[in-house]
Amino acid sequence: MEWKLCTRTLELGRRTLVMGVVNITPDSFSDGGLCFNPEAAVAHSMLLLDEGADLLDLGAESTRPGSRAGGAGADSAPSVNADEEQARLLPVLQGILKARPGTIVSVDTYKAATARAALNAGAEIINDVSGLLWDSGLGSVCAEAGCGVVLMHTRGRPEEWAGQSRLEPDELLATVHAGLQASLDRAAQAGIAADSIVLDPGYGFGKRGEENFAVLARQVELLALGRPLLAGVSRKSFLGAALAGLYVGKPAPVDARETASVAGLTAAILHGASVIRVHQVRPALEAALVADAVVKQLTATG
């Protein structure tokens, strides 16, 4: 299956593509502050590319649980406005493309103004954690640019996640499926071509603890929506919770979740993901090569 971007088309399904994460924020749950200045962010991006990343995903506003990403409701401003987001983001995007022309860069934003600025600066993909819910103007910006789009399923806003009721697996899968279908419908109404879209189940985004494993175990069912899947499980809190037996009953700290992240992304590939979003590229790439070999055999014998 093909993924149409602004200036090129990526083949999905032949092998898993690895998307390296670059957080240009002081407060990311995974590596807050590591790449908060442009020089550090560009240098980290070069490292990810050297390790084999197929594309990069730049984010300049944290969407960690409890943040005010998207605003605390429809009439409330987000914690990082578009001007500040662009001030963080654009120097890094420009620096990457100057150092490595031709790099495929995705920008993690739900704001139409930031998306427009990033696409004008050379980004190829907009990765919207809200699935076109939090800014009604984003769809038309993406349609006009003809960019690649990642539509993620998010259940509620970050400040609401801790208080959400738990869902049984069948209800949860139905909720994710319906939410992604609604995002596809919004995209079609905005004029975004179907072959520009990849879907993301949204691990950790409004799913609590073991709910994430329920989605991961049945992720392949989401392929019925007709578009490829991107999975971002790297360093997520549900992986840390699964390791609690090794940490005196407490979740593993973020910097101790890399092996669990590799296990999670391997499961995601075996359950239908074509793109994985990761913080450490080399171990993810190695795991993906092995998982892809298994998938190839399953396909040949299926």
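Guide: Between β6 and α4 runs a loop, and L132 sits in it. Helices here are DSSP runs of H or I with at least four residues, strands are E runs of at least two, and both are numbered from the N terminus. The model is predicted, so to speak, with limits: local features need pLDDT of at least 70, side-chain atom pairs count only at pLDDT 80 or more, and totals for chains, interfaces and linings use all residues. Residues are numbered from 1 along each chain as its sequence is written, and side-chain values use heavy atoms, with hydrogens and water left out.

L132 is no glycine, yet its phi is positive, near 70°. In general, most residues other than glycine have a negative phi. L132 is buried, because its relative accessible area is 9%. The cut-offs are under 20% for buried, over 50% for exposed and partly exposed in between, with a 1.4 Å probe and protein chains only.

V248 also has a positive phi without being a glycine, at about 50°. This residue belongs to the loop between α7 and α8. V248 is exposed, because its relative accessible area is 81%. G122 has a positive phi as well, near 120°, and follows α3.

Helix α3 spans residues 112-120, and its buried residues are A112, T114, A115, A117, A118 and L119. Their cover includes α2 (82-99), β5 (105-108), β6 (125-128) and α4 (138-145).

D108 counts as buried, because its relative accessibility is 12%. Leaving out residues up to four places away in sequence, D108 touches D57, L58, G59, E85, N127, V129 and R277.

Now the aromatic rings. A search of the whole structure finds four aromatic pairs. W161 and F205 make an edge-to-face pair, because their ring centres are 5.2 Å apart and their planes stand at 65°. W161 is in the loop between β7 (148-152) and α5 (169-190), while F205 is in the loop between β8 (197-200) and α6 (211-217), so this pair links distant parts of the chain, 44 residues apart. Rings of Phe, Tyr and Trp (its six-membered ring) pair if their centres lie within 6.5 Å; planes under 30 degrees apart are stacked, over 60 edge-to-face, and the rest tilted. W161 is buried at 6% relative accessible area. F205 is buried too, at 8%.

F213 and F238 are also edge-to-face, because their centres lie 5.0 Å apart and their planes at 80°. This pair again links distant parts of the chain: F213 is in helix α6 and F238 in helix α7 (residues 237-242), 25 residues apart. F213 is partly exposed at 33%, whereas F238 is buried at 3%.

A241 is partly exposed, with a relative accessible area of 43%. A241 and R257 are 16 residues apart in sequence but 9.9 Å apart in space, C-alpha to C-alpha.

Next is E258, in helix α8. E258 is buried, with a relative accessible area of 18%. Its side chain makes a polar contact with the side chain of R235 at 2.5 Å. A polar contact is a pair of N or O atoms within 3.5 Å; within protein, one must be able to donate a hydrogen and the other to accept it, and residues adjacent in sequence count only if both atoms are side-chain atoms. Not counting residues up to four places away in sequence, E258 touches R235 and Q280.

Helix α8 leads on to a pocket. The second largest pocket has a volume of about 440 Å³. Of its 20 lining residues, G13, R14, A273, S274 and V295 are closest to the centre. The elements giving two or more residues to the lining are α8 (258-270), β10 (273-278) and α9 (281-301). The largest share, six residues, comes from α9. By class, the lining has ten nonpolar, five polar and five charged residues. Ala, Val, Leu, Ile, Met, Phe, Trp, Tyr, Cys and Pro count as nonpolar, Asp, Glu, Lys and Arg as charged, and the others, Gly among them, as polar. On a 1 Å grid over the protein atoms alone, a pocket is an open set of points where a 1.4 Å probe fits, with protein on both sides within 12 Å along at least five of seven lines; lining residues have an atom within 4 Å of a point. Grid points are joined across faces, edges and corners, and the volume is the space filled by probe spheres set on them.

Terms used:
Contact means heavy atoms within 4.5 Å.
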